[in-house]
Amino acid sequence: MSALSERPENPSVGVAIPHESASAHVSGLAKYTDDLAGRAQGTLHAYPVQVPHAHARITALRTEPALAVPGVVRVLTAADVPGVNDSGIHHDEPLFPDEVMFYGHAVCWVLGESLEAARLGAAAVEVDVEPLPALITVPEAIAAGSFQGGRPVMTRGDVDAGFAASAHVFEGEFEFAGQEHFYLETHAALAQVDENDQIFVQSSTQHPTETQEIVAHVLGLRSHEVTVQCLRMGGGFGGKEMQPHGFAAIAALGAVLTGRPVRVRLSRLQDMTMSGKRHGFHSRWRVGFDAEGRLQALDATLTADGGWSLDLSAPVLSRALCHIDNAYYLPHVRVQGFIARTNKTSSTAFRGFGGPQGMLVIEDILGRCAPLLGIDPITLQRRNFYADGQTTPYGQPVNQMTRLTTAWDQVISNGDISARQREIAAFNATHPHTKRALAMTPVKFGISFNLTAFNQAGALVHIYKDGSVLINHGGTEMGQGLHTKMLQVAATALGVPLSTVRLAPTRTDKVPNTSATAASVGSDINGGAVKNACDQLRQRLHEVAATRLGAHAHDVRIVDGVARALGSNQTLEWNELVKAAYWQRVQLSAAGFYRTEGLHWNAETFQGTPFKYFGHGVAAAEVEVDGFTGAYRTRRVDIVHDVGDSLSPLVDIGQIEGGFVQGAGWLTLEDLRWDAKTGRLLTQTPSTYKLPSFSEMPEVFNVSLLADVPEDGVVYGSKASGEVPLMLAFCVREALRQAAAAFGPVGTSVELASPATPEAVYWALDTARNRSDVAAYG
């Protein structure tokens, strides 16, 4: 085991402790970005002027009526921007556009003494437009040739030869929806200018460094003139990786122009109509199997709905291509990718970042084809698993399939799958109007940013003279427990009790040039940086302790805040050791750094080793479907998940449960719908956009962590738990497919929409039932 992965005696990591802010969350004491506005005297409120057209050219913008509204202080327009009028990294997202690109696009912002004054001012602004043709759906964009970004191709083997050698060939088409992030805290920013003209922005952002850079170039400043802090977020899920920058820039611009603090906080309606969502995809595929049901060839085209701008669509598409194999070996494969440009909000990062979309395609293929092959879906899936030593279509070796097969076997055993399948068959035989089904799905998900350069992190650790420790790292906390894990990492690395360590908010003037807290690597890279800083400090303290204990520094150990030498009973308390170090003029502060080793990626050839390792998990779900309405309930879910040697088991189990439920929401409930003519988002409130609630939770929900699987080369042997569990929810959708098919004759294959809402399930089961009628009267 490497030094990075090896755990010392009595570590704080691995202990099941609550989230570090859990009590503050449930008591309402936790502060978020918008809560800080009340502390800033004279804060102005910003309100957007949204245009109700999907695509239009602005011919006139009259702001004078707004200035006549009592309480309105200023209207921000493109003419006010001293730097670059753009809030995107590709320079394709004007902060103040002259062309409306989606329904609800903000063209200017009103600043008021109160939110109500700003709202009334925004309503008074007059905007004249020339409507332009709009493309709302992906098929429309494909037909019109409306694409943006690159068009990657992933190939291996000879696809044509693979089809020629296949005993069974099937083809199909599958379009599935995106997903609203629906974080509890909407987008928010608070900006002010201090006495030294330093711009200070409080932002609900997953990427403070990029927010800093965008604010700086909008204001025509350099990065050292802008500081961005993220105290915590009330959820992010990827939606605050790129999208917060423009809102922070509006607040900062307003603060510079007025000399007063400016607050931006979107209402739920504004957030849903102005900010991006998970990419929906359209896919076409052709697949070949041999006589035993082993995959031989796959030829597919994936088209992502990028919305109006590029945002993160290119890496999302790349990850989708990289994950179309999921856990299955594809000898011959050709997958092409496209990004459609549509007149909708710009699609952005969302938990899984394209991986779920790629995996959904192959799981849908297997789910459709299993009945046509006459093979039980669980058998078909297991038969096509990778074997250790095989490589992915993009060339990365697969070396941990024993973990996945172990998890698979544990779910089968612990979930009593065989016996329950027999019970389900007996139930279905006696219940013509209600059917049950059980499905399993595996997950193999690559961990690292696809862009190698992003796989780095920094940290700053201080030890004060009284022995207390303060850590600061580049990751952001959005409820996922990153700060909890970093506290445990620091306490373990220094050998002190957890109560000794405190964590400071994420700030760009403390740790610069950070990567986004995304791609499930928050703990891996920031934990590596925190440990690196602590290792430096511990080594210095070992030298000090060695002189006091009369031993060699290599023989000194610090455990539970007590230093001692091997083979000696003499001890030195932590506080005394720190004081001694101070009086010996030993530096008690250290900057840590981490870079993920072993990564390389060629985006042109679509080959390389983009991932440090693969996260694994297996889930089984049992559902019951009503034949009259398509309504269903999830009776039981069993999950076994690989998180390596967990840094914080309670946090990881929470991530697995939450990720699964969020994935089930995407696949079965959350139905984004736009008006096909106007481009208006129809599901723009909680009353029309259904989210998972307690009623959708599995009646029995068993989650366990795969035991005795430390991951070498990762901080304290852990593995990521952020995104991987979301894809475990595929089993719910596949169980619904099988339950719908059970209304028809044996061997019925049904196509199931995604999300598989009760309405969609009803139409699937009705199709199966009609096939049964045809067979009966045939």
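**Ground rules.** I number residues from 1 along each chain as its sequence is written, and in this predicted model local features need pLDDT of at least 70, side-chain atom pairs count only at pLDDT 80 or more, and totals for chains, interfaces and linings use all residues. Side-chain values use heavy atoms, with hydrogens and water left out.

**Entry 1: the domains.** I looked up how the chain is divided, and found domain 1 (394–450 + 601–778) and domain 2 (456–595). Those bounds come from an automatic or database domain assignment. I noted 40 Å between the C-alpha centres of the two domains. Their contact (heavy atoms within 4.5 Å) takes 20 residues from domain 1 and 21 residues from domain 2.

**Entry 2: the buried area.** How much do domain 1 and domain 2 bury between them? I read about 1500 Å², with 61% of it on carbon and sulfur atoms. Buried area here is the accessible area (1.4 Å probe) that two parts lose on being put together, summed over both. On the domain 1 side, Phe449, Leu647 and Tyr716 supply 41% of the area buried against domain 2, more than any other three residues.

Entry 3: I found one salt bridge between domain 1 and domain 2. The term means a side-chain nitrogen of Lys or Arg within 4 Å of a carboxyl oxygen of Asp or Glu. I also noted a salt bridge between the side chains of Asp652 and Lys485, at 2.7 Å, N to O.

**Entry 4: aromatic pairs.** I counted 19 aromatic pairs. Rings of Phe, Tyr and Trp (its six-membered ring) pair if their centres lie within 6.5 Å; planes under 30 degrees apart are stacked, over 60 edge-to-face, and the rest tilted. Phe102 and Trp308 make a tilted pair, 6.0 Å centre to centre with 40° between the planes.

**Entry 5: salt bridges over the whole model.** The count comes to 42 salt bridges. I picked out Arg57 and Glu130, whose closest N and O atoms are 3.1 Å apart. This pair links distant parts of the chain, 73 residues apart: Arg57 sits in strand S2 (residues 56–62) and Glu130 in strand S6 (residues 126–131). Strands (E, at least two residues) and helices (H or I, at least four) are DSSP runs, numbered from the N terminus.

**Entry 6: backbone details.** Is the peptide bond from Ser754 to Pro755 cis or trans? I found it cis, with omega near 10°. Pro755 lies in the loop between helix H18 (730–741) and helix H19 (758–777). I also noted Phe237, which has a positive phi of about 60° although it is not a glycine. Phe237 is in the loop between strand S11 (226–230) and helix H7 (244–258).
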